[in-house]
Amino acid sequence: MSESIEFNRVSFGLPVETFRISAHIALEERLPIVTEFVLRLLRICGQVNLADLRDYFGFKDSEALSLIESLSRQGLITLQDDVVRLTPYANERFDQAGGEHPRFSKVELIQDTVIFDLCSFTPLRTQRGISPTSNIINLDTDEEALSNSIERARNAYRQRYPEIASMRKDLREKSHGVYSIEDIESKKRSYVPVPVTFAMDVDGQEVRRFDEEFELNAPQELIQFLREQITASIPRTLTLKNHGLEEFIDTFNLQVMRRYLLANKFDLTGYLNDIHIQKSVKYPKSIIPLVGNLYLSRNRELILKRLEDRRVGRSRPRKLLTSMAWLVPDYNLWGRGDSYAATITAFNGALRKKSATDDLHVFTPAEEGTEKYITNRFRVNGLQELHFFRTRSGDDLTMYGRLEMMLYPTAFVAALFHLSLPKVTGLWIPVGFISTLPKHLDIAHKLLCRIMGGEQYGGSAQFKVKDGAKAKVSFEAACSFLNYESLTVNSDAQEVIGVSDDDDDDES
């Protein structure tokens with residue numbers, strides 16, 4: 001292969017803490033003339049009685065006290081027993097300027113709120129529009145960072161203030177630095193999503209990439225922490241064997257894929273090179289090969305195009321309005337983060353354009369008692385139909401949890417098998433196809449109904465229920481859009497689906 005191929009995108013939760021900080025900030029502004037004159041007078045005289053200072057400038061008592069309080073708050077003077085003196089800080093600024101023209105800046109007390117990650121204590125921008133979710137995979141941090149977070153945040157605020165000021169429109173131009181930190185308070189701990197792309201390179205090695213902007217701005221310490229924690233979070237499977245692969249190939253009669261299955265091992269590198277890079281090996285007409293999860297942007301757009309064409313009637317058959325089914329694999333790194341969330345939004349948006357009753361129905365394995373956890377894991381904006389099914393022992397219907405399948409009834413089907421990445425046992429790389437062939441539509445429909453139907457159906461999530469429990473119904477009642485007779489593979493059926501007679505040829 002001449003390039004790497006993306007196969008998954010996962011959002012990991014970077015542990016962060018939000019702090020409320022009260023600090024005096026030096027601003028790039030000249031001091032008022034009277035203020036600067038008072039400081040120069042004190043520099044010459046060393047100390048001045050408060051009453052003498054008041055009389056010299058012709059101030060009222062209230063005016064003199066107001067000036068003294070202001071300069072004291074800024075750390076420029078001290079008042080003790082009615083005697084006014086410069087602070088060591090003020091004298092230091094005179095000395096640095098050669099004793100002639102002090103380089104003073106105005107000091108202002110501000111109330112700030114800053115988010116620091118709990119590894120490198122890098123200041124992070126506020127994540128607007130992102131609420132806490134179980135959809136991402138939260139990473140761990142060490143106890144030392146947690147127990148000493150306030151002191152580390154105090155140091156980080158002073159040392160990294162230029163970065164913090166650059167995020168604040170009101171301070172970006174005039175901020176000079178931190179004069180003093182008066183108070184710091186921890187408000188909450190949470191997680192910020194960090195999307196990570198997984199790909200496979202020419203040698204079959206895993207390639208892991210952060211978003212470009214994040215990697216450019218994050219310190220090396222933070223990048224290294226993330227790499228280590230992400231590696232630790234990858235599930236460790238017990239075997240590299242791809243149980244269910246032969247069943248997948250046989251079920252959909254994928255002769256092209258069978259060529260790469262040699263002695264119970266699948267030549268993934270050769271398959272990806274021939275099918276997706278060089279494109280020297282072709283599938284039959286009406287079948288488009290896929291690699292990577294269906295929620296990846298390139299696959300999402302391919303499905304959206306087919307979906308919208310069928311719903312507005314741009315393809316040869318008349319328009320078809322129905323809901324869509326999505327069977328997901330039994331894999332902890334599936335559907336975690338922004339790509340999955342964006343796909344749910346996009347598919348539901350397309351389905352509801354022409355019909356308010358059409359929905360995307362997501363089907364996921366969930367053993368009894370785990371429904372709440374599974375619901376939280378898949379919960380994103382727009383998802384309303386999440387259905388559970390129970391897995392069988394030695395289940396080959398879902399290819400041992402490695403089958404991913406999307407069906408738009410009588411129109412198209414996308415099916416993927418999640419292969420183990422040869423050199424990283426816990427990573428799965430999906431390969432498969434999208435098809436309009438009647439035989440594939442028929443197979444997918446029957447397979448879906450067998451997986452979900454009868455005693456295997458475990459009910460649905462309670463997204464739409466505000467009060468009380470939702471009455472449990474059968475799979476057939478909950479997903480009535482799948483209650484249709486499978487299509488017969490003949491010329492009439494092909495015309496309904498929008499394929500020609502030649503498109504239904506078996507693979508060779």
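Residues are numbered from 1 along each chain as its sequence is written. Because the model is predicted, local features require pLDDT of at least 70 and side-chain atom pairs count only at pLDDT 80 or more, whereas totals for chains, interfaces and linings use all residues; side-chain values rest on heavy atoms, with hydrogens and water left out.

The protein contains 18 helices and 19 strands (DSSP runs numbered from the N terminus, helices being H or I of at least four residues and strands E of at least two). Of its 508 residues, 51% count as buried (under 20% relative accessible area, with exposed over 50% and partly exposed in between; 1.4 Å probe, protein chains only). Among contacts in the protein with a separation of 6 or more, 74% come from residues 24 or more positions apart (contact denotes heavy atoms within 4.5 Å).

β14 runs parallel to strand β13 (residues 324-327), to which 4 bridges join it, and parallel to strand β15 (residues 385-389), to which 5 bridges join it (two strands pair if DSSP finds at least two bridges between them). Histidine 361 in β14 is the bridge partner of alanine 325, and proline 365 stands opposite phenylalanine 389 in β15.

β13, helix α14 (residues 338-351) and β14 form a right-handed β-α-β unit, as do β14, helix α15 (residues 371-378) and β15 (right-handed if, with the strands pointing away from the viewer, the path from the first strand over the helix to the second runs clockwise).

The loop between α14 and β14 includes aspartate 359, which counts as buried because its relative accessibility is 8%. The C-alpha atoms of aspartate 359 and alanine 325 are 8.7 Å apart, although the two residues are 34 residues apart in sequence.

Helix α14 also packs with helix α13 (residues 297-312), at an angle of about 10 degrees and with the axes 10 Å apart (axes are lines fitted to C-alpha atoms, for helices over the stretch in contact, and angles run from 0 to 180 degrees between N-to-C directions). The two helices α13 and α14 are therefore roughly parallel to each other (angles under 35 degrees). Residues of α13 including Ile303, Leu304 and Leu307 meet residues of α14, among them Ala342, Ala346 and Phe347.

Methods. Parallel < 35°, antiparallel > 145°, perpendicular 65-115°, else oblique.
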